[in-house]
Amino acid sequence: MDRTEKREFIAQLATVFADTSFVLVAQNKGLTVAEVSNLRRRMRDAGATYKVAKNRLATLALDGTRFQGISPLLKGPTALAWSKDPVAVAKTAVEFARGNDKFVILGGALGTQALNPDGIKALSELPSLETLRAQLLGLIQTPATRIAGILQAPGSQLARVFAAFAKKDAEDGAEAA
C-alpha cells in the first residue's frame with residue numbers, strides 16, 4: 001500500500017465510523033480463508049461489514065471519532081465489524097465465536113460507550129432491531145383489535161337477545177296453535 005492508498009483507506013474508514021452506531025473488534029489469529037469467508041458471508045447476511053485492517057491505519061481513522069475508546073484493542077491480528085444495527089453484528093460474532101475458538105471477541109463500542117467481551121455478549125442476547133419493530137407494531141395493533149372487539153360485542157349481544165325473543169315468540173305461537 002502506498003501513501004495515497006493509505007490516506008484513501010483511512011478516509012474511507014473514518015467515513016464508516018461517522019455513519020455507524022457500533023464497531024466490534026475481534027482477533028482473527030489462525031482463521032483459514034474458508035472460515036473468514038464464512039464469517040464475512042454471515043456478517044453480510046446480517047447487514048454488517050467485516051474487515052481486516054492494519055492496526056495503525058484503523059487507529060488513525062478512529063482519531064476524532066466517537067469510537068476512539070477502542071484504539072487500545074487494536075493490537076495483534078485484529079479485524080473490525082460494524083453495522084447500523086448493533087445487535088446484528090454482536091449476534092453474528094458471538095455465534096461464530098462459539099463454533100470457532102480461533103475467533104476471539106476483544107470488545108467494541110456502542111456510540112461513545114466502550115464494551116468489553118461480556119458487554120458484546122449481553123448485547124447479542126437482545127432482540128434484533130427487526131424483532132423489536134415487530135413487537136412494537138404488535139403492541140400498537142393490540143389495543144385497536146381490542147377496541148374493535150368491544151365495539152362489536154354490544155351489537156352481537158343485542159342480536160343474540162333479539163334472536164332469543166324471536167325464538168321464544170315462535171315457540172309460544174306454536175304452542176297456542
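## Fold outline

Helices (H or I, at least four residues) and strands (E, at least two) are DSSP runs, numbered from the N terminus. By that count, the protein chain has six helices and five strands. Their order from the N terminus is α-β-α-β-α-β-α-β-β-α-α.

This is a predicted model: local features need pLDDT of at least 70, side-chain atom pairs count only at pLDDT 80 or more, and totals for chains, interfaces and linings use all residues. Residues are numbered from 1 along each chain as its sequence is written, and side-chain values use heavy atoms, with hydrogens and water left out.

Axes are lines fitted to C-alpha atoms, for helices over the stretch in contact, and angles run from 0 to 180 degrees between N-to-C directions. Angles under 35 degrees count as roughly parallel, over 145 as roughly antiparallel, 65 to 115 as roughly perpendicular and the rest as oblique.

Helix α1 (residues 3-19) and helix α3 (residues 55-62) cross at roughly 50°, their axes coming within 8 Å. α1 and α3 are therefore oblique to each other. For helix α2 (residues 33-45) and helix α4 (residues 86-99), the axes come within 10 Å and the angle is roughly 150°. That makes α2 and α4 roughly antiparallel.

## Burial and exposure

Buried means under 20% relative accessible area, exposed over 50%, and partly exposed in between (1.4 Å probe, protein chains only). Of the 177 residues in the protein chain, 33% count as buried.

Leu-139 sits in helix α6 (residues 129-176). Leu-139 is exposed, because its relative accessible area is 60%.
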